[in-house]
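Here is a short briefing on a few local features to look up in the model. Have the viewer open and follow along.

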Amino acid sequence: MSETKPTVMEQIAAFIVDKRNLLFLMYILAIVFCFFSMRWVDVENDITAYLSEDTETRQGLTVMDKEFVTFGTANIMISNISYEHAQVIADELKEIQGVTKVEFDHTIDHYKDASALLSLTFEGEEDDPISMTAMNEVRDRVSSYDTSISTSIGVNLADQLAREMQIIIVIAAFIIIVVLLFTSKTYGEIPVLIITFIVAAVLNMGTNFLLGKISFISNSVAVVLQLALAIDYAIILCHRFSEEHEQLPTREACIIALSKAIPEISSSSLTTISGLGALIFMHFKIGEDLAFVLIKSILLSLLSVFTLMPGLLMLFSKIIDKTSHKNFVPSINIVGKFVVKTRYIIPPIFLVILVLAFIFANKCPYVYGTTDLRAARRNDTQIAADRIKESFGTDNLVALIVPSGDYEAEGKLLNKLESYAQVKSTLGLANTEAIDGYMLTASLTPRQFAELIDLDYEAAKLLYSAYAVHDEAFGKVVNGLSEYGVPLIDMFMFLYDQVDKGYITLEDELMDTLEDLNNQLTDAKLQLMSEQYSRMLIYLNLPEESDETFAFLETIHDEAAQYYEEEVYIVGNSTSNYDLSSTFGMDNIIISILSALFVIGILMFTFKSAGLPVLLILVIQASIWMNFSFPYLQNTSLFFLGYLVVSSIQMGANIDYAIVITSRYMVLKKSMPIKEAIIEALNQSFPTIITSGAILASAGILIGQITTDGTIASIGVCLGRGTIISMVLVMFVLPQILVLGDSIIKRTAFAERKQAPLQKASGKLYVSGRVKGYVSGIVDADISGVITGEVHAMVDSKEIRQEEPANDGKEFECYEKN
């Protein structure tokens, strides 16, 4: 290195290697900071929070969160019990502090086949302490029975998911160590790789707070995907170091290895980053959230490999030298020979499969809601919900939000909706009974009100007069008070307010009735009415997502438009699924086109060819279509997010396998025939592909089989399956395409081929290269050997050497062809 001036990259590498102790200190401080900052990360567990702001569901949820209170609920199914015994338990549960309502009757909605379904409503929202305390007592009361409890109260899905991911990480780490033991050349490099990854993972988790709030999906899968996607970078540097260390001392080997690895690793990471970058353009903002977290993880992995790992290689260099072992990775020349022999057979079969995969993938049965998603494993809450669903079915509930104040319109709308066969029942202020058959919104005159609550008529008239003054209806006080109708809910609330202020005194019995009514009315108003909006609950006899369901949502809108000119909102799982299905088509096109364009652009820059990137993309796109043909062929539903996320990861990350083989092939074919070049390229690429592919596939399969969250499980299953398919196509189809498409690659190359010089010589000549011209006759061939005679040809070779001078004693001439 001292004989020549070091390059800029070598100078940077030397600085990193020589300042390794300073960098160690900086990383230690960063890790300590990250252990504290991990607690600052705000995780969003509601996937609907990432819906676009212009969707009805998002707008309606914003209104609901601001205007209404949604109390905690629980469904408790008690099996193998009589109706009378179940009624006793229901009465006992009503007495628990914090439980405001227990619904149970002899209808098939609550008692069937010796199973009782008790529907509880709590005093607070699901995360309020009073609800959680009450729920714990409810669990204790029914613990001795055969129960299935479905509730989100006291169930921390985020903590449960975190525990599952810890198990996945431990198993994944074990698999990675096994794979590295198999593919490494020295045991000493394994701790270097593990430390580098752990540091990168901690840095990523500790800096997630900088992104604000991140989704539970990103928070859960980021570590595993970072491990699977970025472990290649560390492996590349390790292999470079081993190669250089065969000839150079440790420091110099590390510097040269790093200087060569930085451009190679950086270019390799670009395809992964570009594939993930396409997610940013999704309408469904979960893609943007996942893209930012994963891209950050890739960048921090690069940083750790470039600035931490060289120091670790220096630190562990003696152990690395002492623990070298024989290569366990077998030669796969047999695979290469098979590929060459079947180059005219497999590509046509591949094209047929490609067309079929495209057709099947476009028939994939997507789902957009999480209710019916099924992971391989089920937690206790999910099992309980499944048992209740099998016995009593499920309610598809949607909330209709309308402008408040027009009780008559609300009543007419509720009656109209209940006339549809698709509606099981409705609930709103206008059809909720208050007392003695009167609905909450029924208008009563002073006499009717006095008779209802057994109040003196004159006192009732005074009460109505005070209400008219409060409501600024002064004409009613002077004329027409006896016919003045006031909605029951408004009058009860006004009466309670006057009693509370001491303006009115009631008898004890009437006061107790008023207290009970006030509690019911207060709860009803919190749930169903605010100053600006009213909320109606509609229970549908329809699945959460189907064409009929989505069409009926439009019917609800049409009916509401008959009574309200202002905008109304429908909120529920069905509307969320409808909004997601509406954006899926566009998101699918955006991700497919952008990820392909980004990757093609990088490949064109890398290989300086227009045709070669198309051949590589063809193989990876085929693997994507084949991956998502499986749900159609297996007649299983696929969560749409699994397709969007995994297709972008396949395009961005699995393309690296194709790049590895292609890069080696392009180099090798310069010095050997293309058939031999592809065989050797496969042999050299196999360790890298099997290492990276096995890790990524294992990570996906583990996620799919261990997590109980259907959303994350679908991503894992598709990722594991897609990676395996990509590996198979890259190893058994891509080589044949490269061989058959060699002429396309040449003709579409950007760089202008420099013609070999025209050479003239005679005598005994040693030639190695492609010869085109006159050699005692015309020849156009690859020649490696000795020619005796005359040569007048273009020789593309590293060397043409005259062994013996010609009889005339002339040396050979060499000149460029015009």
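Aspartate 289 sits in helix H10 (residues 286-307), helices being DSSP runs of H or I with at least four residues and strands runs of E with at least two, numbered from the N terminus. This is a predicted model, where local features need pLDDT of at least 70, side-chain atom pairs count only at pLDDT 80 or more, and totals for chains, interfaces and linings use all residues. Residues are numbered from 1 along each chain as its sequence is written, and side-chain values use heavy atoms, with hydrogens and water left out.

**A buried charge**
- Aspartate 289 is buried without a salt bridge, and lysine 296, the nearest side chain of opposite charge, is 10 Å away.
- Buried means under 20% relative accessible area, exposed over 50%, and partly exposed in between (1.4 Å probe, protein chains only).
- A salt bridge needs a side-chain nitrogen of Lys or Arg within 4 Å of a carboxyl oxygen of Asp or Glu.

**Positive phi values**
- Alanine 114, not a glycine, has a positive phi near 60 degrees; this residue is in the loop between strand E4 (111-112) and strand E5 (115-122), and is partly exposed at 33% relative accessible area.
- Lysine 608 has a positive phi of about 50 degrees and lies in the loop between helix H23 (573-607) and helix H24 (611-627).

Methods:
Lys, Arg positive; Asp, Glu negative; His and termini not counted.
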